[in-house]
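Below are some questions on the pockets of a protein model, each with a reasoned answer.

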Amino acid sequence: MKDKLIYDINQYIAYLNNSGLFVTVHGKGISGLLEHNIHRHPFCSLVKTDRNAWDKCIQSQQKVFKQYGPDCLFGMCHAGMEEYVFFVNEKTFVSVSGYGISKNKATERINRLSQEFFLNKSELLHIYETTLKHQTEDTEALNTLIKPLCYMLSLLQILLTGIPETETKNAVFNSLLAYVQHNFMNDITIWDIAHACVCSESTVSHLFRQYMGKSVKKYIAELRISQAKKLLSTSDLPIGTVAQMCGFSNIGYFPTAFKKAVGASPTDYRTQTSGR
């Protein structure tokens with residue numbers, strides 16, 4: 001039942017994201033869902049091109065748990081983007097992000113962000129204006145969509161309770177997957193992953209094939225293409241910038257790799273999916 005529930009949760013989150021929402025899950029007890037632990041919005045992706053700014057995102061995220069309660073929260077992150085937060089319990093929450101409502105307050109945070117980190121203020125403001133939603137959601141309607149996800153997550157945590165991680169190897173694999181998720185935009189190797197997670201390269205390869213059914217290299221390549229598709233369809237970032245933000249060190253190779261994987265060039269894909 002656990003595996004079926006994880007599959008259903010992943011499918012439901014994919015459905016919500018395909019409906020125009022940016023849904024992520026944060027906290028503990030989300031084994032099997034780590035791919036949904038990171039904001040993929042173009043604004044967030046741009047902020048995270050600076051590793052220190054990303055570290056601050058993680059630190060700021062921990063403060064959200066202090067606001068645990070039964071009601072939906074709406075607030076602004078340290079970078080200036082706003083999100084709706086639905087708590088599953090005191091250790092897990094669902095975020096629906098991608099909103100820019102309080103522009104003056106956001107501009108102040110973007111100014112501070114560009115001064116503190118290696119981030120271009122004009123680029124941040126442009127992405128803020130062109131990719132965020134500048135109107136609020138119908139909270140009641142949003143609650144209807146997100147509450148079922150919260151209930152499924154709660155059930156998953158109940159099912160995971162008492163399952164020995166030494167038997168499932170989940171602890172090691174989750175560590176590997178989390179590292180890849182946070183570093184796929186860099187030129188990482190199996191050695192880098194193994195070194196960071198304190199295991200052998202053969203363990204990395206074995207666990208990825210066991211849990212993902214594919215090699216580490218293929219998984220990273222698919223992750224980069226998936227992120228590129230999202231950035232192309234939701235922003236007007238230059239193709240070269242998209243390539244860099246998704247981990248393609250050879251920008252000239254990006255169009256070839258993208259067309260081979262998707263069946264259309266980055267420019268054509270953007271036109272087909274966003275009308276840009």
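For the classes used here, Ala, Val, Leu, Ile, Met, Phe, Trp, Tyr, Cys and Pro count as nonpolar, Asp, Glu, Lys and Arg as charged, and the others, Gly among them, as polar. The model is predicted.

Q: How do the residues in the lining of the largest pocket divide by class: how many are nonpolar, polar and charged?
A: The largest pocket holds about 1300 Å³ of space. Its lining is made of 46 residues, with Ala14, Asn17, Glu35, His36 and Ser226 the closest to the centre. By class, these lining residues are 17 nonpolar, 20 polar and 9 charged.

Q: Which element gives the most residues to the lining of the largest pocket?
A: Two or more lining residues come from each of helix H1 (2–18), E1, helix H8 (170–183), helix H10 (201–212) and helix H11 (216–234). The element that gives the most, with 9 residues, is H11.

Q: Which element gives the most to the lining of the second largest pocket?
A: This pocket has a volume of about 660 Å³ and is lined by 31 residues, with Cys57, Ser60, Gln61, Cys77 and Glu83 nearest its centre. H2, helix H3 (51–64), strand E2 (73–76), strand E3 (82–89) and strand E4 (92–99) each supply at least two of the lining residues. The one that gives the most, with 9 residues, is H3.

Methods: Residues are numbered from 1 along each chain as its sequence is written. This is a predicted model: local features need pLDDT of at least 70, side-chain atom pairs count only at pLDDT 80 or more; totals for chains, interfaces and linings use all residues. Side-chain values use heavy atoms; hydrogens and water are left out. On a 1 Å grid over the protein atoms alone, a cavity is a set of points where a 1.4 Å probe fits but cannot get out, and a pocket is an open set with protein on both sides within 12 Å along at least five of seven lines; lining residues have an atom within 4 Å of a point. Grid points are joined across faces, edges and corners, and a volume is the space filled by probe spheres set on the points. Helices (H or I, at least four residues) and strands (E, at least two) are DSSP runs, numbered from the N terminus.
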